[in-house]
Amino acid sequence: MASLLSSVWPILSSYRPNAARDRQARPLRFGAFEALYIPPGYAVKRPSNDRDAQRLYNHIRTVAYWLDASPLLADLGLPFRAGLDDIISLVPIYGDILSGILQLYQVWLCFIFGVPNNVLGYMFMNVIIDVVVGFVPLIGDFIDNLFKSNLRNLALLEEWLLTSPIATEKYHILLMPEGGTDFIPRPKHSRFSTSWFGGGSGKTAEDEERERERTTGKVRATRRMERDEGDKVPAAAAAPGTSTGTRSRTRRGGDPVMDPLD
């Protein structure tokens with residue numbers, strides 16, 4: 001088992017979502033978000049600043065999508081979303097139990113984030129439903145694939161971050177755009193857009209505020225990014241093999257938007 005994991009890990013750690021589908025496209029970066037496979041603070045330390053909170057959110061989203069809607073499987077062009085949770089659950093009984101343990105890891109991360117007990121209760125219930133339904137042969141696996149408990153729990157976390165007075169006062173981070181089924185959402189461009197990179201001539205107060213966030217790397221309040229706020233990386237600056245949703249770590253001077261927020 002250890003040898004299998006050691007052989008698979010380099011592939012998973014080097015994989016970049018949507019690489020196959022967007023191989024010909026220029027890379028797209030979304031604010032402070034990037035796939036994060038190692039939890040900050042070793043998954044035992046509560047975020048003490050915005051930078052840690054951003055990284056923890058990034059990790060939770062990464063875990064949720066790999067379990068319920070793996071970017072790797074999405075690149076194969078499947079007509080449905082599937083993740084590691086769906087594959088593991090195909091093994092009767094033991095696979096469902098292991099799936100439940102992996103899902104509880106995400107709930108634990110939300111607990112570390114400071115999510116209140118009532119929201120954690122809903123998350124835990126989603127995990128129980130997913131595991132119990134998975135015990136039913138065949139039809140249970142089908143329903144399990146539709147239920148997507150990890151993505152449901154991610155939505156609960158994002159709602160808490162956006163609406164809870166405690167969360168909005170303590171953390172100031174950027175969340176990924178709402179809706180869609182992609183790990184890295186495709187931006188919606190408009191010829192009339194006046195966003196950071198939309199090409200509009202006029203600037204509203206909201207546009208100026210987002211420009212300030214882009215230049216300083218800090219946000220006044222937790223919010224979702226718009227789909228047209230992605231920064232297209234110039235083709236000459238894109239390293240070979242890079243793809244959607246990643247940021248360049250070697251840019252001289254550093255773009256504060258691309259770095260986790262302090």
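Predicted model: local features only at pLDDT ≥ 70, side-chain atom pairs only at ≥ 80, totals over all residues.

**Entry 1: Leu161 and the core.** I asked which residues Leu161 touches beyond its neighbours within four places in sequence. I found Tyr57, Phe113, Ala167, Thr168, Tyr171, Ile173, Leu175 and Thr222. I then turned to the largest nonpolar core, which has 36 residues. Tyr57, Phe113, Val115, Leu157 and Leu161 are the ones that touch the most other members. At least two residues each come from α2 (50-68), α5, α6, α8 and β2 (174-175).

**Entry 2: helix α5.** I checked its length next. With 20 residues at 1.5 Å a residue, α5 should span 28 Å, and its end C-alpha atoms are 29 Å apart, so the two agree. Which residues of α5 are buried? I noted Gly95, Asp96, Ser99, Gly100, Gln103, Gln106, Val107, Leu109, Cys110, Ile112 and Phe113. These buried residues pack against α2, α4 (84-88), α6 and α8.

**Entry 3: Gln103.** I stopped at this residue of α5 (residues 94-113). Is Gln103 buried or exposed? Its relative accessibility is 0%, so Gln103 counts as buried. Not counting residues up to four places away in sequence, Gln103 touches Asp85, Val127, Asp130, Val131, Ser149 and Asn150.

**Entry 4: α5 against α8.** I looked up the geometry of this pair: the axes are 10 Å apart, at an angle of about 10°. The two helices are therefore roughly parallel to each other. From α5, the contact uses Gln103, Gln106, Val107, Cys110 and Phe113. From α8, it uses Ser149, Asn150, Asn153, Leu154, Leu157, Trp160 and Leu161. Sorted by class, I get 7 nonpolar and 5 polar residues, with no charged ones.

**Entry 5: α6 against α8.** How do the axes of α6 (residues 117-134) and α8 (residues 149-163) cross? They come within 9 Å and cross at roughly 170°, which means α6 is roughly antiparallel to α8. On the α6 side I listed Val119, Tyr122, Met123, Asn126, Val127 and Asp130. On the α8 side I listed Ser149, Arg152, Asn153, Leu156 and Leu157. By class, this contact has 6 nonpolar, 3 polar and 2 charged residues.

Conventions
Residues numbered from 1 in each chain as written. Heavy atoms only, no water. Axes fitted to C-alpha atoms, helices over the stretch in contact; angles between N-to-C directions. Helix = DSSP H or I, 4+ residues; strand = E, 2+ residues; numbered from the N terminus. Parallel < 35°, antiparallel > 145°, perpendicular 65-115°, else oblique. Contact = heavy atoms within 4.5 Å. Nonpolar A, V, L, I, M, F, W, Y, C, P; charged D, E, K, R; others polar. Buried < 20%, exposed > 50% of the residue type's maximum accessible area, 1.4 Å probe, protein only. Core = buried A, V, L, I, M, F, W, Y, C linked by side-chain atoms within 4.5 Å. Expected span 1.5 Å × (residues − 1).
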